[in-house]
Amino acid sequence: MIKLVNRRNRVRACTAAFTVAYFLTTWSGLAQSTGSNQSTRLWYRQPANYFEESLALGNGTQGACVFGGVMSDSIFLNDATLWSGEPINPNSINPNAHTHLAALRAALKNENYKQADSLNRTMQGRFSESYAPLGTLHIDVKHGGQAETYYRELDLTNAVSTTRYTVNGVTFTREYFVSQPDHIMVIRLKSSRAGALSFALRFSSLLRTKTSVLDKTLTVGGYAPIHTEPSYRGNRPNPVVFDPARGTRFTTLARILPTGGQVVLNDSTLGVEGATEAVVLVSIATSFNGYDKNPATEGLPDQQLATERLDKAMTRSYAQLLDAHQTDYRSFFDRVRLNLGRSNAPELPTDERLKRYASGQEDKNLETLYFNFGRYLLISSSRTPSVPANLQGIWNPYIRPPWSSNYTTNINVEENYWPAENTNLSEMHRPLLSFISKLAKTGAVTARNFYGAGGWTGGHNSDIWAMTNPVGDFGQGDPNWANWNMGGAWLSTHLWEHYTFTKDKAFLKNEAYPVLKGAARFCLDWLVTDKNGDLITSPSTSPENLFFTPNGYKGATLYGGTADLAMIRECFTQTLRAAQILNLDAAFRQELTGALARLHPYQIGKVGNLQEWYYDWTDVEPQHRHQSHLFGLYPGHQIRPDLTLDLARACAKTLEIKGDESTGWSKGWRINLWARLWNGNHAYKMYRELLHFVLPDGVKTNYARGGGTYPNLFDAHPPFQIDGNLGGTAAVAEMLVQSTEKEIWLLPALPDAWPGGSVQGLRARGGFGVAMTWAGGHLKTVTIDSKTGGRTELISGGKHRTITLKPTQKITLSW
């Protein structure tokens, strides 16, 4: 990720003033109320003051962050489809960029890297648009007195958040969830004394909105900006542009169903007085109708959709809504159960557990909780067709969010989906996979206009409009991040991974292969021959890193970068394998085979590291957060300790040089890399550091704190990015199970800290499911199942067993 400039205005909840006045005064009995399972529950003794303390809910499209305030509760609302901007004709973006390519390649051939950097800027386009905050629902509660026995939780087993406290002897409880089956947010408020519940709803937003109360419904209509300037560009004139005739429309409706009391209203608030219980239904819809449809003139009827969803929900009881929500959610969450062994850690609130853990104390349940939370986040943020989870999942309160909260394709959006297949959430992968097919369409224009190539590719960033051009604002961006063009090669690997885990041949033929072929076609056209006859890329960059040439020039643009070639090697290998399975394109297969044989090979540097650059040059920043040249180790499959020992050792040396301190998402990647090196203890060390406690950002992001985990378990880049959460979850699975189409390694990177435990529900390539137990650091039993049938070799502790399963068969082995 490129660094933020002048990051300010971190969001503090509107309830902060109330929280100070009504903060907890007494504490009793909460150990009993939290339950015994500390691996599936986040809980706290106080309301949230900051976004990084709030509790995230979502149904894969609509998101909510609950603060749990006493006198006034704030709930940040989002919708995955609410972005600034509108479709852009990709042919209108620097259509003659490719005409600069010959001069750029000539500069590189002459080793003139300064000129190459300058010429690379001529091949840039526009920045992406930004993910927008929908608004905040406020619940102003009408009771006096001081809150006692305050309790706030998020139960991952049911995806329900609860706030509870007592005022003047009356216990007030709120339960919140966002239902995917009913596309509705549900809030139930209760008081232990009849008639003691009174509150009012109001709405605020950073977008253009109009609020009214019609037919006892709080009604909000609004629209997103037509353009939002990225926050890292600093203070610029008119950074957020609204146009009443353009942009995505949205509707938010809220209705109260009280038990007792009466509904009260005015022009902009809706409330209830004297009730004992009330259910609030919140319906959200936008006009987004696809990456290529104008949301203002060709959009979906957002008001109609929101009304239909609200009316449908009103026909169902709270119990029915809750049951439908839990049944749907648990059908995914319950697939995997992880037990890392007995923990002697005390039962503490989550923020206190993080602080205790940071001091070096044992808490296996916290380690399991973080794994479970990552799966929860992916279920909650990735269920919208062709709209994958972005940098912040679906939870963003900022009008100019960090890095536009977009799709950053040089690591971050891919890392979001690393746990999709191996932690048994394949359905959550589909939004990304279908989005890639949209990128392939706009990316074909980018390949032609920017690079004079066939096939398709993508640049450093994308957005909901499937933007693929290199960014930088037509020459304003530094080439080390703006001009990277391997987005197609990297993203296409996700299609192949989905096939290897599911063995869905129809998907491979109809969806994956055309996109894989297009990505490979671009790479074939983009490669040139170096002075040794090897195939290389020119120009090339290594994401966001810089080199020193021997004469001291600090540059970004070169030829034959290792990261480029690793991604191309993976793309070619997977596309070739897909074509073989489908028995298609014999001539194309020959072309891929020939190119693979001629790719410039990996190089080991003079200090034993894996070279990042074509030459053995020095990094400007040896501890740089990106490690893209290690792609072949993870998430790729080119480097393995048992097959390519020298390269594996070079990867380990590279990681040692980089050190362990980095941003949250980078730590997540490095844990996976150490796991692939079968070094469980180092992977575990970094997993602990990923859970390093980080205070909320407050009014300004503090980069000096480094990456870690906020009180609500959000990953701290800093600021919040969801990729670190999901990369960490994937890494736990990678420590326990690794696989190819023909082999499954069981406990390949088990750390000493987890000598005994069990897991069920993980998935392996080849279409296999894995459940196992271990003790004393060794595998004891393993159960393998297969939906499609097949043959695989099980490997653990030096033992090998080959098994063949029929479709739907399951086998259990003692090890």
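**Close-up views of a predicted model**

**View 1. Strand S10 and its partners.** Strand S5 (residues 135-141) pairs with S10 in the antiparallel sense, over 6 bridges. In this predicted model, Ile 139 stands opposite Leu 201 of S10. S10 is also joined to strand S17 (residues 270-275) by 4 bridges, and these strands run antiparallel. Leu 201 stands opposite Leu 270 in S17. Of the 8 residues of S10 (residues 197-204), 6 are buried, so the strand is largely enclosed by the rest of the structure.

**View 2. Helix H6 (residues 318-333).** The end C-alpha atoms of H6 are 22 Å apart, which agrees with the 22 Å that its 16 residues should span at 1.5 Å a residue. Buried residues in H6 include Tyr 318, Leu 322, His 325, Tyr 329 and Phe 332. Seen down the helix axis, the buried residues of H6 fall within an arc of 165 degrees, so they line one face of the helix.

**View 3. Salt bridge between Asp 73 and Arg 174.** The closest N and O atoms of the pair are 3.1 Å apart. The bridge links distant parts of the chain, with Asp 73 in strand S4 (residues 72-79) and Arg 174 in strand S8 (residues 170-179), 101 residues apart. Asp 73 counts as buried at 0% relative accessibility, and Arg 174 is buried with a relative accessible area of 3%.

**View 4. Salt bridge between Glu 591 and Arg 521.** The N to O distance is 2.8 Å. Glu 591 lies in helix H16 (residues 586-598) and Arg 521 in helix H14 (residues 505-526), 70 residues apart. Glu 591 is partly exposed, with a relative accessible area of 35%; Arg 521, at 24%, also counts as partly exposed.

Terms used: Residues are numbered from 1 along each chain as its sequence is written. This is a predicted model: local features need pLDDT of at least 70, side-chain atom pairs count only at pLDDT 80 or more; totals for chains, interfaces and linings use all residues. Side-chain values use heavy atoms; hydrogens and water are left out. Buried means under 20% relative accessible area, exposed over 50%, partly exposed in between (1.4 Å probe, protein chains only). Helices (H or I, at least four residues) and strands (E, at least two) are DSSP runs, numbered from the N terminus. Two strands pair if DSSP finds at least two bridges between them. The expected span of a helix is 1.5 Å times one less than its number of residues. The arc is that of the directions from the helix axis to the C-beta atoms. A salt bridge is a side-chain nitrogen of Lys or Arg within 4 Å of a carboxyl oxygen of Asp or Glu.
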